[in-house]
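Hi,

Here is the structure I promised to pass on.

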Amino acid sequence: MEACLLENGEHVGGGAGATPQLKPVPVEVDTLKGRVALVTGGGWNIGRAIALRLARDGATVIIASRNRDNLSETVEYARQRDLDLRSHVCDLTDPQGVEGLFRDIWASEGRVDILACLAGGFGAGAALPDTDPREWMGVFARNVYTTYLCCRKALPGMLERKRGDILTCAGGGAFFPMVGVHATAYASAKAAICRFTDQLYAENMEVPDLRINCIEPGMTLSPIDLERIEEEEKASGRPHPAREMNHSPEDGAELARFLLSPAAKILNGRILSVDEDWWRDPVAVQQVGKGDLYRLRRNYL
Ligand SMILES: NC(=O)c1ccc[n+]([C@@H]2O[C@H](COP(=O)([O-])OP(=O)(O)OC[C@H]3O[C@@H](n4cnc5c(N)ncnc54)[C@H](OP(=O)(O)O)[C@@H]3O)[C@@H](O)[C@H]2O)c1
C-alpha cells in the first residue's frame, strides 16, 4: 500500500494492516490542508480573493496589511463560512512591523509554508518632473520593499524544511508600456519584482520543493470601482465597458492556486499572467517547464 493522505490531512504509512478510518486519497491530491499561508494585502480585492481561495482549499491563512476595517471584514466573511483565516494589522514597509507579524505567526502556527505577496498598488501617477520623490519611493516601498521584507523572514524556514511556496505580484507595465498614464514608479517597481523573483529563484533553485513564482493578476476593478460602475449602469441601463476590460479578483486567485498545485510543480522562477491561459493545458505546462519561457530573459537574434 502506498503512503496516503487522509481527507483530514493526516498521513498514513503503508504498514501492513494499516486500516485508515477515512477514505484514503493519493498523496498528490491537490489540497492545502495542513499548510500555513500568509497573504499580504489579503484584506482587499485580489489579495482577499487569494486568501479566501487558499482558506477554502484547506490552508490556515493569515492576512496582513494596514487597514483594520478591511482585514476585519475579511475575517468575519471567512468566519461565517467556517474558514481558518485570521488577520494581523501592520505596515509591511516597516521592518519592525514585519518582524512582529512573523513572530506572531511562528508563535501560533510554527511556520509559513506559503507566502503570497500581494501588498503593493499604484501611485505617483504624475508626469515625471511633477512627481513627489517621497511618493515615488513610496510606490517602490509598498511593492518591492514589502515583498523583500516578507521573503526575508519566510525563506529561512522554507530552506530548513526544503519546501515552500512564494508568490510575488507583478502588474501592468512590468513588460509593456502603460500608454496614457504616468506610471514610472509603478511600472519600474513591478519590473523590479519580476527580477527579484527570478533572482531569488536562481539563488535557491537546488532546493527540491521550493517554488518561487510571480503572478500578474491583470486589470482588476476594486470593490469601490465596482460600486461606481454599478451606479453608472443603473443610470445608463447598459453594461459598463470597463467590465469587458477587467478581470475579477477570483481570476488572480485561480492563477495563484494553480501555481500552488502539484500540476504546476515543474514551474519555478516564472511570471504568469491571467491574460493568457496556456497554463490551463497540462501539455503546455510541461513544455514551458522544460525551457526558459516565462522567465525574464533577453531575446537574442
Ligand atoms: N487591480 C489591478 O488592476 C492590478 C493589476 C495588476 C496587478 N495588481 C497588483 O495586485 C496587488 C493587489 O492589488 P489590488 O488592486 O487588489 O489592491 P490595491 O488597491 O492595489 O491595494 C493594495 C493592497 O496592498 C496593501 N498594502 C499597500 N501598502 C501596504 C503597506 N505599506 N503595508 C501593508 N499592506 C499594504 C493594501 O492594504 P492596506 O491598505 O490595508 O494596507 C491593499 O491590500 C497589488 O500588488 C497590485 O499592484 C493590481
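A crossing is called left-handed if the near helix is turned anticlockwise from the far one by less than a right angle, and right-handed if clockwise. This is a predicted model, so local features need pLDDT of at least 70 and side-chain atom pairs count only at pLDDT 80 or more, while totals for chains, interfaces and linings use all residues. Residues are numbered from 1 along each chain as its sequence is written.

Start with H3 (residues 95–109) and H4 (residues 133–161): they pack at about 35 degrees with axes 10 Å apart, and their crossing is right-handed. Helices here are DSSP runs (H or I, at least four residues), numbered from the N terminus. Axes are lines fitted to C-alpha atoms over the stretch in contact, with angles from 0 to 180 degrees between N-to-C directions. Pro 95, Val 98 and Phe 102 of H3 meet Leu 149, Cys 150 and Lys 153 of H4; contact means C-beta atoms, placed from the backbone, within 7 Å.

Next, H1 (residues 45–56) and H8 (residues 249–259) come within 8 Å and cross at roughly 50 degrees, also in a right-handed crossing. Among the residues making that contact are Ile 50 of H1 and Ala 256 of H8.

Both turn up again around Ala 116: leaving aside neighbours within four places in sequence, Ala 116 is in contact with Ala 37, Val 39, Ile 50, Leu 167 and Ala 256.

Cheers

Technical notes. Helix = DSSP H or I, 4+ residues; strand = E, 2+ residues; numbered from the N terminus. Contact = placed C-beta atoms within 7 Å.
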